[in-house]
Amino acid sequence: MSKTFTLIFLVFLAFVFPVHAQVSLGLRGGYTLSATQIKNAQGYKSNSIGTNSQLKNLHADLIINVPVYKNLYFQPLVRYITKGAYLRPLPSKSGLLEESANQLKLHYLEVPLNVMVKIPVSVGKIVFGAGPYVAYGLNGSYDLDLMYNGTVLSTESHDVQFNYKDRGIAPGVRLNRFDAGANIAVGFEFNNLMVVGANLSRGYANLDRTSSAKITNSYFSVSLGFLLDREDY
């Protein structure tokens, strides 16, 4: 799978750099609210965006604007982002010691491949669009609570390394390194080259590699940054 990701990235670079004269670049960063949904065969289900399970973190973007036709643009991003959530405790059984994952953080290099429309106005351009994304898991961590009768006795931090030796975020759960899904984006490019934006992302790839659960990522983010140049200058 790592070879596949590398091939996709090389093809992407081969597409972008021959048209460098028409391409504009930018940098931005911002605030992320993420949630990792987990549903297993026993009916356990974590919360999602809009609930108190959201994980708050930051992201950083390299923006690439490629003109396609008139106001239509291809806008891939190279994004470093932390996804995850605060997970609800597993249902407890009286009189038993149990382990339950708590905070989950997954660090990704993500490449959204958006098709954007830019509408000129007096002070800049209104920008909106959508597209798929692919993401490569770099590393991660989670807190594992030892519980007795619903009370947390101790908490240990563990690494998620996306390999078959890792114990996963709960007994019997292993995570895939690759994530994929779709996102929608809106924003504004000011004439002074400042940019603001927001996007909503939903993962469709099941991160669980044991077939014991369905695990997906989602997040909402807001960003602020600047363009290094403009393709219409």
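Y108 counts as buried, at 0% relative accessibility. Buried means under 20% relative accessible area, exposed means over 50%, and partly exposed lies in between (1.4 Å probe, protein chains only). Y108 sits in strand β4. Strands (E, at least two residues) and helices (H or I, at least four) are DSSP runs, numbered from the N terminus. Y108 and G137 are 29 residues apart in sequence. In space, their C-alpha atoms are 4.5 Å apart.

This is a predicted model: local features need pLDDT of at least 70, side-chain atom pairs count only at pLDDT 80 or more, and totals for chains, interfaces and linings use all residues. Residues are numbered from 1 along each chain as its sequence is written, and side-chain values use heavy atoms, with hydrogens and water left out.

## The chain as a whole

The chain has 1 helix and 9 strands. From the N terminus, the order is α-β-β-β-β-β-β-β-β-β. Of the 233 residues, 45% count as buried. The chain exposes about 11,900 Å². Carbon and sulfur atoms supply 63% of that area. Accessible areas come from the Shrake-Rupley method with a 1.4 Å probe; for residues, only the protein chains shown count as cover.

Contact means heavy atoms within 4.5 Å. Take the contacts in the chain with a separation of 6 or more: 67% of them join residues 24 or more positions apart.

Strand β1 covers residues 24-40. It is mostly covered, with 12 of its 17 residues buried. Two strands pair if DSSP finds at least two bridges between them. β1 runs antiparallel to β2 (residues 55-69), and 11 bridges join the two. In β2, N57 is the bridge partner of T32.

β1 also runs antiparallel to β9 (residues 213-227), with 15 bridges between them. Here R28 stands opposite G225 of β9.

## Two nonpolar cores

A nonpolar core is a set of buried Ala, Val, Leu, Ile, Met, Phe, Trp, Tyr and Cys residues joined through side-chain atoms within 4.5 Å. The largest one has 18 residues. L106, Y108, V160, F162, L175, L207 and I215 touch the most other members. β3 (72-86), β4 (97-121), β5 (124-148) and β9 each supply at least two residues of this core. The largest share, 4 residues, comes from β5. A second, separate core has 5 residues, including I63, L193, V195 and L227.

F162 has contacts of its own to trace. Leaving out residues up to four places away in sequence, F162 touches L106, Y108, G137, L138, N139, L175, N176, R177 and R209.

## S201 in strand β8

S201 lies in strand β8 (residues 194-203). S201 is buried because its relative accessible area is 3%. Neighbours within four places aside, S201 is in contact with Y133, A182, N183, S218 and Y219.

## A nonpolar patch on the surface

Y31, L58, I184, L200, F220 and V222 form a nonpolar patch on the surface. Together they have about 530 Å² of accessible area. Patches are made of residues with over 30% relative accessible area and no salt bridge; like charges are joined within 9 Å, nonpolar side chains (Val, Leu, Ile, Met, Phe, Trp, Tyr) within 5 Å. A salt bridge is a side-chain nitrogen of Lys or Arg within 4 Å of a carboxyl oxygen of Asp or Glu.

L58 belongs to strand β2. L58 counts as exposed because its relative accessibility is 56%.
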